[in-house]
Amino acid sequence: MSFKTRAAGGGIGNGESSYRSNLSKKWTLFLCLGSFCFGLFFTDRMWTMPEAKEIIRPAVPGKGQKLNLVSSDCATKTVTERRDPKDNLGDVPSTQHAIQTLDKTISNLEMELAAARATQESILNGSPLSENLKSSESTGRRKYFMVVGINTAFSSRKRRDSVRATWMPQGEKRRRLEDEKGIIIRFVIGHSATSGGILDRAIEAEDKKHQDFMRLDHVEGYLELSAKTKIYFATAVAMWDADFYVKVDDDVHVNIATLGNTLIRHRSKPRVYIGCMKSGPVLAQKGVRYHEPEYWKFGDPGNKYFRHATGQIYAISKDLATYISINQHVLHRYANEDVSLGAWFIGLDVDHIDDRRLCCGTPPDCEWKAQAGNLCVASFDWSCSGICKSVDKIREVHHRCGEGENVLWNSTFLKPQHQLLNSI
């Protein structure tokens, strides 16, 4: 009896529990649906994408490139912008000029650093500095436009006098040329095999009179022209801070202003090598003029040299002169000095400028060109590798092909900031 009663009671309890369970499931389902709907509503209100009001544009892309638009909420959109190619043409010259200026600035800094290191090493190694270099260092470095070194020899006194009487200013005019125009002109010569001998004393007396020599620590000799050229550039760049360094023979006529106006067009370029470029045959036969003892280095017989400036006159920028100064002990010398100079620049990033006005003929060639308004920089006879009988003929060349003195004094070569600094 009691068992049945408990069983009956248990049935009632089970029914009640089942009812509560069904009711709980309904409420749970209802609450889940309600939460889901509320969540959708809340998410839609809180996470609406804002409009891109502030757009930051990076550097202008080229044609067909993608442009990233960055809004103020850090979201990034990518669109494609098409530009007319003509819009970019105006930016090209200014960009190229900026690149050239930056390249020259970096190159100048590198060369000045290298030159300073070379000087420091020279001092540490106990190598004596030349008197000219000591003088320039003690008085400070002013800026010049160009240094013109006239290659000469002990036996060329009459040639030097003919140059002084024609295209090379003398006395006060030469000092004005240095101070106002930033142009240095010197006869370049070393010393004799017997240092202090009669030849050296003759040069010292001539220099005392004219004060227009640049003496090198070098033993003179025709077969030593490559070494002399190397020492000239190394000494000149140590003595004078100039944009260009020029080498010319003492039997060549030069129009200084025309030379300066030619070089000034290339001042923005960091490494420039200017002259009449040629590529002559490599002469293997002994006994002939311009024989090349190391002809085998240039390939098979009958080959030609690489392009290089003819030796009568050429100019190089400051960076190249500094390069020669720093590396002078390892630069190889060939028999011909113009070939040697060209060889030193092989493998370097150098602008070779072929300007035929640096190798005009003597009258009537240079005279015709002058009458046509195309003044020559330099004049000489190819057959003589200079003006034939220059002592007698250079005056005629100067009269018929010279630029006139006023052209030089009316020209400006120094930059305004350098003129200001030099005047202080």
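Me: What pattern do the disulfides of the protein chain follow?
Reply: The bonded cysteines are counted along the chain. A disulfide is here a pair of cysteine sulfur atoms within 2.5 Å, and in general it is a covalent bond between the sulfur atoms of two cysteines. Counted in that way, the pattern is 1-2, 3-5, 4-8, 6-7.

Me: How are residues numbered, and what kind of model is this?
Reply: Residues are numbered from 1 along each chain as its sequence is written, and side-chain values use heavy atoms, with hydrogens and water left out. Local features need pLDDT of at least 70, side-chain atom pairs count only at pLDDT 80 or more, and totals for chains, interfaces and linings use all residues, since this is a predicted model.

Me: Which cysteine is joined to C276, and in which loop does that partner lie?
Reply: The disulfide joins C276 to C359, with an S to S distance of 2.1 Å. The pair links distant parts of the chain, 83 residues apart, with C276 in strand β8 (residues 272-278). Helices (H or I, at least four residues) and strands (E, at least two) are DSSP runs, numbered from the N terminus. The partner is C359, in the loop between β10 (351-354) and α12 (365-371).

Me: Is the disulfide of C276 and C359 left-handed or right-handed?
Reply: The handedness comes from the torsion about the S-S bond. For C276 and C359 this torsion is about -95 degrees, so the disulfide is left-handed.

Me: How many residues apart are C360 and C376?
Reply: A disulfide joins C360 to C376, S to S 2.1 Å. C360 lies in the loop between β10 and α12, and C376 in the loop between α12 and β11 (378-379). The pair links parts of the chain that are distant, namely 16 residues apart.

Me: Is C376 buried or exposed?
Reply: Buried means under 20% relative accessible area, exposed over 50%, and partly exposed in between (1.4 Å probe, protein chains only). C376 has 2% relative accessibility, so C376 counts as buried.

Me: What handedness does the link of C384 and C388 have?
Reply: The sulfur atoms of C384 and C388 are 1.9 Å apart and form a disulfide. C384 counts as partly exposed because its relative accessibility is 34%, and C388 counts as partly exposed at 21%. With 95 degrees about the S-S bond, the link is right-handed.

Me: Which residues touch the most other members of the largest nonpolar core?
Reply: A nonpolar core is a set of buried Ala, Val, Leu, Ile, Met, Phe, Trp, Tyr and Cys residues joined through side-chain atoms within 4.5 Å. Of the 46 residues in the largest such core, those that touch the most other members are M146, W167 and L263.

Me: Which residues does W167 touch?
Reply: Contact means heavy atoms within 4.5 Å. Residues up to four places away in sequence are not counted. By this rule W167 touches I150, V248, V252, H253, V254, I256, I394 and H398.

Me: Which element gives the largest share of the lining of the largest cavity?
Reply: On a 1 Å grid over the protein atoms alone, a cavity is a set of points where a 1.4 Å probe fits but cannot get out, a pocket is an open set with protein on both sides within 12 Å along at least five of seven lines, and lining residues have an atom within 4 Å of a point. The largest cavity has a volume of about 80 Å³, where grid points are joined across faces, edges and corners and a volume is the space filled by probe spheres set on the points. Its lining includes G149, I150, K228 and E337. The largest share, four residues, comes from α8.

Me: Which residues are closest to the centre of the second largest pocket?
Reply: About 930 Å³ of space lies in this pocket. It is lined by 35 residues, and the closest to its centre are Y222, L225, R289, Y290 and S385.

Me: Which element gives the most to the lining of the second largest pocket?
Reply: At least two residues each are supplied by α8, β6, β9 and α11 (337-344). The most, four residues, come from β9.

Me: Which residues does S385 touch?
Reply: S385 lies in the loop between β11 and α13. S385 counts as buried because its relative accessibility is 17%. Not counting residues up to four places away in sequence, S385 touches D251, R289, Y290 and Q312.
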